[in-house]
Amino acid sequence: MAKSAQSRAAKSGGDSTPEEILTYYRDMLLIRRFEEKAGQLYGMGLIGGFCHLYIGQEAVVVGMQAAAEQGDTVITSYRDHGHMLACGMDAKGVMAELTGRRGGYSKGKGGSMHMFSREKGFYGGHGIVGSQVPLGTGLGFAHSYREDGKVTMCYLGDGAINQGQVYESFNMAALWKLPVVYVIENNKYAMGTSVQRSSAGTELYKRGVAYGIPGERVDGMDVMSVRKTGAAALAHAREGKGPFILEMMTYRYRGHSMSDPAKYRSKEEVAKMRQEHDPIDRLREYILSNKVADEAKLKDIDREIKDIVSAATEFAQQSPEPDPSELWTDVLLEA
Amino acid sequence: MSEITLVQAINRALTRAMRDDPTVVVLGEDVAKDGGVFRATEGLLAEFGEGRVIDTPLAEGAIAGLCVGLAAQGFRPVAEIQFTGFIYPIIDQMMNHASRIRTRTRGRLTCPMVLRSPCGGGIRAVEHHSESPEAIFAHMPGLRVVIPSSPARAYGLLLAAIHDPDPVVFLEPTRLYRAIKEEVPDDGASLPLDRAFVVREGSDLTLVTWGAMLKETMATGERLAAGGVSAEVIDLATLKPLDSETVLRSVAKTGRCVIIHEAPRTAGFGAEVAARIAEHGLLSLLAPIERVAGFDTVMPLLRLEQHYMPEEQRILAAARRVLAFR
Ligand SMILES: Cc1ncc(C[n+]2csc(CCOP(=O)(O)OP(=O)(O)O)c2C)c(N)n1
Ligand SMILES: [Mg+2]
């Protein structure tokens, strides 16, 4: 009882309960460990194609999901494993898709960048940079048309923000007051190109000003700030006031994809972010110093996560490969 | 002199073109500081500076449109699109502007731009990173479409594309980037952009292909030779304008033809080649033409990729059917 009342408080931007804080910790840790394992499996040649890890950015999607409501929808780019896990999709199905197995969310035919779950409100997983933005705007249009009170969280990168279709979408979303929160994950780089080198005007949260879309910059390495600002943005959209832009200042620790020349930033820069701003370490310290839980409890969580990731890894290696006949399915509905 | 890969040959041609002609500029996402996803533009920034080697923001449509504007002012822009899956917004600029500037201005303006992009599968990547959209571009009047299949041809054809006064879509088979090495003298000599290459001479059967499939097609030729069949292999290299003469001459000699491509079968460029033979060489045919192509589906993830790609066995089976036809 008390828990759900407080949970409602958290969604509207109030303080999180101890249980909720531990959930954030758990969810971020799950993404971190899952991604570390995915990186290993890639190294072993078990994952084909591309694999973009979310390590370092966990607080963004976990904070937003903490503020979201059941029935809200999510769409993002190819750096999507974290979003899927945060939406409640099964780690086994995600990992098995990475390894291209039948038990994966796309029957092993889509891979890292192309997974979907209608039940969990996750609409992909898109490999074309920026193209998810009009799609996300359309998801928001559907919420608006149905008047179902739900909001779409449309994630995009600091590189994607310079694609023209983003502004075509902003205009429509503002014109029709669509319930969409555009979440820019500013991890400072688009592949090897820094925001400074790609963008005229680096305050990306202001990119909606011409359309009257409010925007805010958020410390994306702090799950509590993300949740709080996220809740306010979602409330704005839910109340029919139209879209909102959040610029999450974050950082990816790993290379862009699994091959990365790493010539565009220094090792020191990466090390400094990891040491001083890590979202998981930061929440862990908060938990311990505010006595939200003790070391033993956090150890339990560690163990629980380890088990989930091991089970997912095992499943992803044991699930059978797709049958060759699958090559011809799901192209058009068979007559 | 040492042997180089196809991607090194591209780099060599770009370097040579930029040294020889100050109007050549290179632009695209991550082409300058990173030297491109496949390092095709490595070293260009250091030699030619930021003015001529430009990292662009993520905006494919504008990159292509910008090239049209630059070209209209007498520059020779060479744009890199990281993978052909990202080229689709550019179709607007290529179809509506690049390919029509000459016609629309009755020759007062031209568009000497080159659009480079790695294409094709076999690299264990799904969809966007493994596409073969050559037929889409070949359908546009006013464009040249070129696909090299060896380091030497990549060098000579890219130089020709850059020198050419009209827009060229230059598709580079990703799978071949580092697969073969050969000597490529940096002599600045370009190859003709309207000529197919007979890469293996034969008298019993004509195998027509382009790009990465040349590898499997040549292997099939060898295999047939072991069984006493003499196959002629043609690398089209330039799809548009198509050198049908070389194909027709070969078919007149062999009477039998198999066309091999990786792109989906329906309305693939193989259909155009088959139609040319039907129009102008029907009476020299001794057997129906066969096409060995990708399926009418999307390039799948790694575990099914091998079933998608037209491998040697499929080419060989088609060749045997065509040879057996009486
Ligand atoms: C239209 C398009 N152009 C280029 C690419 C290649 N590419 C993939 S990710 C990327 C950088 C995107 O950076 P950003 O939007 O900041 O997202 P991040 O990778 O940092 O999460 C590029 C250039 C692509 N996938 N789609
Ligand atoms: Mg980025």
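This is a predicted model: local features need pLDDT of at least 70, side-chain atom pairs count only at pLDDT 80 or more; totals for chains, interfaces and linings use all residues.
## Chain B as a whole

Let's start with the overall build of chain B. Its radius of gyration is 19 Å, close to the 20 Å that the globule rule gives for 326 residues, so chain B is as compact as a globular protein of that length. Along the principal axes, the C-alpha atoms of chain B fill a box of roughly 60 × 45 × 40 Å. Buried residues account for 55% of the 326 residues in this chain. Contacts also reach across the sequence: of those in chain B between residues at least 6 apart, 81% join residues at least 24 apart.

## A parallel sheet in chain A

Turning to chain A, we find an open sheet of five strands in the order β1-β2-β3-β7-β6, paired in parallel. Which strands stand at the edges? They are β1 (73-75) and β6 (215-219) of chain A; each has a single partner strand, so one side of each is left without a neighbour in the sheet. On average, and ignoring direction, neighbouring strands of this sheet are turned by 20 degrees against each other.

One residue pair to look for is Val74(A), whose bridge partner in β2(A) is Met153(A).

| Helix | Residues | Strands touched | Angle between directions |
|---|---|---|---|
| α6(A) | 132-146 | β1, β2 and β3 (180-186) of chain A | about 170 degrees with β2(A) |
| α9(A) | 223-238 | β3, β6 and β7 (244-249) of chain A | about 170 degrees with β7(A) |

## Where the chains meet

How many residues of chain A are in contact with chain B? There are 35, and they meet 27 residues of chain B. By class, the side of chain A that touches chain B has 13 nonpolar, 17 polar and five charged residues.

Ligand 1 lies between chains A and B. Around this ligand are 19 residues, of which Val129(A), Gly157(A), Gly159(A), Ala160(A) and Ala190(A) come nearest. The shell around ligand 1 divides into eight nonpolar, six polar and five charged residues.

Technical notes. Residues are numbered from 1 along each chain as its sequence is written. Chains are lettered from A and ligands numbered from 1 in the order in which they are written. A residue is near a molecule or strand if its C-beta atom, placed from the backbone, lies within 6 Å of it. Ala, Val, Leu, Ile, Met, Phe, Trp, Tyr, Cys and Pro count as nonpolar, Asp, Glu, Lys and Arg as charged, and the others, Gly among them, as polar. Two strands pair if DSSP finds at least two bridges between them. Helices (H or I, at least four residues) and strands (E, at least two) are DSSP runs, numbered from the N terminus. Axes are lines fitted to C-alpha atoms, for helices over the stretch in contact, and angles run from 0 to 180 degrees between N-to-C directions. Two residues are in contact if their C-beta atoms, placed from the backbone, lie within 7 Å. The radius of gyration is taken over C-alpha atoms; the globule rule is 2.2 Å times the number of residues to the power 0.38. A residue is buried if 20 or more other C-beta atoms lie within 10 Å of its own, exposed if 12 or fewer, and partly exposed in between; C-beta atoms are placed from the backbone.
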